[in-house]
Amino acid sequence: MTTRAQISAAEKTRDDHTALMSAALDGDAATVKAVLKRGADVNAKDVAGRTALMFATINCRADAVKALLQHKADVDARATDGGTALMLAASSGDIKIVRMLLDRGADVNGEFALTGKTALMLATEHGYADIAQLLKQVGAKK
């Protein structure tokens, strides 16, 4: 799973990130909206397969997540390492973002490609009992 530090380190180069990804990482919802209005691809991926939604999620930027979801961001997009926005939200501890993703139909039982871990497993590992409980309520199996 990609960590915040890894994303931040990669972001410093900005060589493979779109303006939308940079705005999402910064949590700048106004810029996210403006870039989307100009026609940015909401589901564009960087070389690691990460989307703007993943960048906003890992840094707990709820307003940016909301703006991206309103523009039909793919909640189940997978990075090349297998991570999804829901997995990132579950491991980051932001229940508001977890709820937003679930409300948009995120796959609650998706598994991390390399380890087989799910959002529920990640929330439990990180001690986020409230997120684990929510995931179970909506059908998380493991």
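Guide: Buried here means a relative accessible area under 20%, exposed means over 50%, and partly exposed is what falls in between (1.4 Å probe, protein chains only). Helices are DSSP runs of H or I with at least four residues, numbered from the N terminus. The model is predicted: local features need pLDDT of at least 70 and side-chain atom pairs count only at pLDDT 80 or more, while totals for chains, interfaces and linings use all residues. Residues are numbered from 1 along each chain as its sequence is written, and side-chain values use heavy atoms, with hydrogens and water left out.

The buried residues of helix 2 are Leu-20, Met-21, Ser-22, Ala-23, Ala-24 and Leu-25. Just after the helix comes Gly-27, with a positive phi of about 75°. Asn-59 belongs to the loop between helix 4 and helix 5, and at 18% relative accessibility Asn-59 counts as buried.

From here the view widens to the nonpolar interior. A nonpolar core is a set of buried Ala, Val, Leu, Ile, Met, Phe, Trp, Tyr and Cys residues joined through side-chain atoms within 4.5 Å. The largest such core has 42 residues, and those with the most contacts inside it are Val-32, Leu-53, Leu-68, Leu-86, Val-98, Leu-101 and Leu-135. Helix 2 is among its contributors: helix 2, helix 3, helix 4, helix 5 (62-70), helix 6 (85-92), helix 7 (95-103), helix 8 (119-125) and helix 9 (129-137) each supply at least two of its residues. Apart from this core lies another, of 5 residues, including Met-54, Ile-58, Ala-79 and Leu-88.

Met-54 sits in helix 4 and is buried, at a relative accessible area of 2%. Setting aside residues up to four places away in sequence, Met-54 touches (contact means heavy atoms within 4.5 Å) Gly-49, Ala-77, Arg-78, Ala-79, Gly-83, Thr-84, Ala-85 and Leu-88. With Ala-85, 31 residues apart along the chain, Met-54 has a C-alpha separation of 4.9 Å.

Thr-51 lies in the loop between helix 3 (29-37) and helix 4 (52-58). Thr-51 is buried as well, with a relative accessible area of 2%; its contacts beyond four places in sequence are Asn-43, Ala-44, Lys-45 and Ala-77.

Leu-101, named above for the largest core, is one of the buried residues of helix 7, along with Ile-95, Ile-97, Val-98, Met-100 and Leu-102. These buried residues pack against helix 4, helix 5, helix 6 and helix 9. Beyond four places in sequence, Leu-101 itself is in contact with Leu-53, Thr-57, Leu-69, Val-75, Ala-85, Leu-86, Ala-89 and Ala-106. At the start of helix 7, a side-chain oxygen of Asp-94 comes to within 3.1 Å of the backbone nitrogen of Lys-96; just after the helix, Gly-105 has a positive phi of about 90°.

In helix 9, the buried residues are Ile-131, Ala-132, Leu-134 and Leu-135. Seen down the helix axis, they fall within an arc of 160°, so they line one face of helix 9; the arc is that of the directions from the axis to the C-beta atoms. Helix 6, helix 7 and helix 8 are among what covers them, while Ala-129, Lys-136 and Gln-137 are exposed on the other side. Gly-139 follows helix 9, and its phi is positive, near 110°.

Charged pairs complete the picture. A salt bridge is a side-chain nitrogen of Lys or Arg within 4 Å of a carboxyl oxygen of Asp or Glu, and the whole structure holds 2. One joins Asp-46 and Arg-50 at 2.8 Å, N to O; Asp-46 is buried at 6% and Arg-50 is buried at 8%. Lys-117 and Glu-125 form a salt bridge with the closest N and O atoms 2.7 Å apart. Here Lys-117 is partly exposed, at 28%, and Glu-125 is partly exposed, at 49%.

How values were computed
A polar contact is a pair of N or O atoms within 3.5 Å; within protein, one must be able to donate a hydrogen and the other to accept it, and residues adjacent in sequence count only if both atoms are side-chain atoms.
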